Amino acid sequence: MPDSNVLLQQPAPGSRQAQYCGDVAEFRLRLDAPAAGQAWLRTNLGRDALRRREILQETRHRRKRQARDWRDIPMLPDGAGGWRLTLPLLEPGHFEAKAYFLPAGGAEPLWPPGGNVSINVHPAQAAGANLIYNAFVRQFGHPPDPDAIVPRPEQARLAQAGYTILPPSGTFRDLIRELDFIIGRLGSRILLLLPIHPAPTVYGRMGMYGSPYAALDFFEVDPALA
């Protein structure tokens, strides 16, 4: 009887994939030595509705998840001593899968070493035209180089005197004026804003503009950006 260490699976156990609705996922399993039995694929592909229902029941009613989204699908002989299975990817979500072999007359499945294959299925409309433009609103409408706003010697003198330099902030209107270029000329489909929350102006400040990730309030917008 074959041992689990001679089971070879493609894609490799533990691998991760990113695919899109409308693609197909193909799985193969073979043994180094011929053996009577049946290969199966254990997966929750195509069962996202069941999983969502169990998550909602667990959250709302404290019902333990039963993992009913998992099922075993028989694989087909590939004519070369192995097995294969092709599944359509029809819904977005995070799914997992792993093949195993059940010897004839046996009750214990044999698994290839390694973890489950992870498949992240994205919506079909996300397959292309995904250029992202990352905008730091405060740097629009003004020279991006702080030295052009306040000369470096003056920066040092003011810092020694205990002053903090706050360059004029770009605004949402300044960014809007650039959208024809960002979207029309560059072809960006997604506009990603660096955090627009108020940031420290004295303590914990990084650089003249301050770090956008040092947010003082995640529920407020920096009034300077307006």
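Biologist: Among contacts between residues at least 6 apart in sequence, what share join residues at least 24 apart?
Modeller: That share is 74% in this protein. Contact means heavy atoms within 4.5 Å.

Biologist: What kind of model is it, and how do you count things?
Modeller: It is a predicted model: local features need pLDDT of at least 70, side-chain atom pairs count only at pLDDT 80 or more, and totals for chains, interfaces and linings use all residues. Residues are numbered from 1 along each chain as its sequence is written, and side-chain values use heavy atoms, with hydrogens and water left out.

Biologist: How many helices and strands does the protein have?
Modeller: Five helices and eleven strands. Both are DSSP runs, numbered from the N terminus: helices are H or I with at least four residues, strands are E with at least two.

Biologist: Is the protein spread out or a compact globule?
Modeller: Its radius of gyration is 28 Å, well over the 17 Å that the globule rule gives for 226 residues, so the protein is more spread out than a compact globule. The radius is taken over C-alpha atoms, and the rule is 2.2 Å times the number of residues to the power 0.38.

Biologist: And what does the C-alpha trace span along its principal axes?
Modeller: About 85 × 45 × 30 Å.

Biologist: How much of the protein is buried?
Modeller: Of the 226 residues, 30% count as buried. Buried means under 20% relative accessible area, exposed means over 50%, and partly exposed is in between (1.4 Å probe, protein chains only).

Biologist: How many bridges link strand 6 and strand 7?
Modeller: Two, in the antiparallel sense, and strand 7 covers residues 82-88. Pro77 stands opposite Trp83 there.

Biologist: Which strands pair with strand 8?
Modeller: Strand 4 (residues 37-43) pairs with strand 8 (residues 93-103) over seven bridges, antiparallel. Thr43 has Ala97 as its bridge partner. Strand 9 (residues 117-122) also runs antiparallel to strand 8, joined by five bridges. Phe95 stands opposite Ile119 in strand 9.

Biologist: Where do side chains point in a strand?
Modeller: In a regular strand they alternate between the two faces of the sheet.

Biologist: What counts as a pocket?

Biologist: What sorts of residues make up the lining of the largest pocket?
Modeller: Eight nonpolar, two polar and three charged. Ala, Val, Leu, Ile, Met, Phe, Trp, Tyr, Cys and Pro count as nonpolar, Asp, Glu, Lys and Arg as charged, and the others, Gly among them, as polar.

Biologist: Now loops. Is Ser188 buried or exposed?
Modeller: Ser188 is buried, at 6% relative accessibility. Its loop runs between helix 5 (179-185) and strand 11 (190-193). Leaving aside neighbours within four places in sequence, Ser188 is in contact with Leu131, Tyr133, Ile182 and Ile183.

Biologist: And Arg62, buried or exposed?
Modeller: Arg62 is exposed, with a relative accessible area of 69%. Its place is in the loop between helix 1 (48-61) and strand 5 (71-74).

Biologist: Where is the cis peptide bond?
Modeller: From Gln10 to Pro11, with omega near -5°. Pro11 lies in the loop between strand 1 and strand 2 (16-20).

Definitions and conventions:
Pairing = 2+ DSSP bridges.
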